[in-house]
Amino acid sequence: MAHAAPPRPVTQPLPRHSAAVGGLTPFSTVDWPGTLAAVVFIAGCPWRCHYCHNPELQTRAARYDWRDVRAFLDNRQGLLDAVVFSGGEPLSEPRLPSMIREARRMGFRIGLHTAGIYPLRLADVLRYLDWVGLDIKADAQGYDDITGRRDSQRPAQACLTQLLTAGVDFECRITWHPDWLSEARLLALAGELARRGVKRFAVQSARASPDATPAWHLTAPAQAALQALFEQFAYR
C-alpha cells in the first residue's frame, strides 16, 4: 500500500478563515509519552514566554492547508495511535473543536498541549480529549515574568481545576531554570500541585535550543523529593 508523503507548506496565501496550521510532525513518541502520534502545530499564542522554542508560531498564520493535513492523517490510519494538537497555543484556533472531531472520526486518540490560556475553550473540547499536557509556567510569584502578560496564572489554574475534575489523563510539566525558579520554590510549587491532586509531573530543563544540552540540572535530592510527591515523575 502506498502512503502519502507529509504535506508541504502552502505556496499561496490561504483564505483568512482557514485554520492556522503552522506545522506538522508526521510521527513522534515524545509529544505524548509512550504513544506514537502525529503532531499538528497551531500558529498563534497571546503569551510571550521568553524561553519559547517556537517563536515563529506565536503569530497566527496558516502555513499548511488543514485539508492536506487531514488527507495525510486519513492515510495514516492503523499506523499511528494518536494526533496531538500543539502550538503556539492550539486553543487559540476557533476551528480546533471541528479539527479534533475529524481526527477522532478517523479512529485516532487525541492529545492536546496547552498553557491553559483559554479555560472556556478547553471546556469546549475536553470531552473529546484522551490526554492533555498542561504547561505550568511558574509559581504565583513568577508567572507574569515568564509569560509577559498580567494575571496569567489565573486562567491556567482554572484549566487545571477542569482537568482535575474531568477525569481525563493529563500531565503537568514545567520548563525549569534556577534563574527563574529556585529549587526551593520549584519544590513548593510541586507540593501544591500534589496536594491539589496532580498525579503526573515533569520537569523539563531549559535549553538554548531543543537539541542543546541543559546548562543546569536539578540536584539529586530535589529529584528524589519530586519523585516522592507524584505517582509518576519525569525529569527531561
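Axes are lines fitted to C-alpha atoms, for helices over the stretch in contact, and angles run from 0 to 180 degrees between N-to-C directions. The views below come from a predicted model, in which local features need pLDDT of at least 70 and side-chain atom pairs count only at pLDDT 80 or more, while totals for chains, interfaces and linings use all residues. Residues are numbered from 1 along each chain as its sequence is written, and side-chain values use heavy atoms, with hydrogens and water left out.

**View 1. Helix 6 and helix 7.** Helices (H or I, at least four residues) and strands (E, at least two) are DSSP runs, numbered from the N terminus. The axes of helix 6 (residues 183-196) and helix 7 (residues 220-229) cross at roughly 5° and come within 10 Å. Helix 6 is therefore roughly parallel to helix 7, a label for angles under 35 degrees. Contact (heavy atoms within 4.5 Å) involves Glu183, Leu186, Leu187, Ala190, Gly191 and Ala194 of helix 6, and Ala222, Ala225, Leu226 and Leu229 of helix 7. One of these, Ala225, is partly exposed at 32% relative accessibility, the class between buried (under 20% relative accessible area) and exposed (over 50%), with a 1.4 Å probe and protein chains only.

View 2. Leu134 stands opposite Cys172 in strand 6.

**View 3. Phe201 in the largest nonpolar core.** A nonpolar core is a set of buried Ala, Val, Leu, Ile, Met, Phe, Trp, Tyr and Cys residues joined through side-chain atoms within 4.5 Å. The largest has 62 residues, of which Phe85, Leu129 and Phe201 touch the most other members. Beyond its neighbours within four places in sequence, Phe201 contacts residues including Cys172, Leu186, Ala190, Leu226 and Phe233. Another core, of 9 residues, lies apart from it and includes Trp32 and Trp131.

**View 4. Thr35 in a loop.** Thr35 is found between strand 1 and strand 2 (37-42). With a relative accessible area of 6%, Thr35 is buried. Leaving aside neighbours within four places in sequence, Thr35 contacts Ser28, Thr29, Asp81, Ala82 and Arg109.

Notes
Pairing = 2+ DSSP bridges. Parallel < 35°, antiparallel > 145°, perpendicular 65-115°, else oblique.
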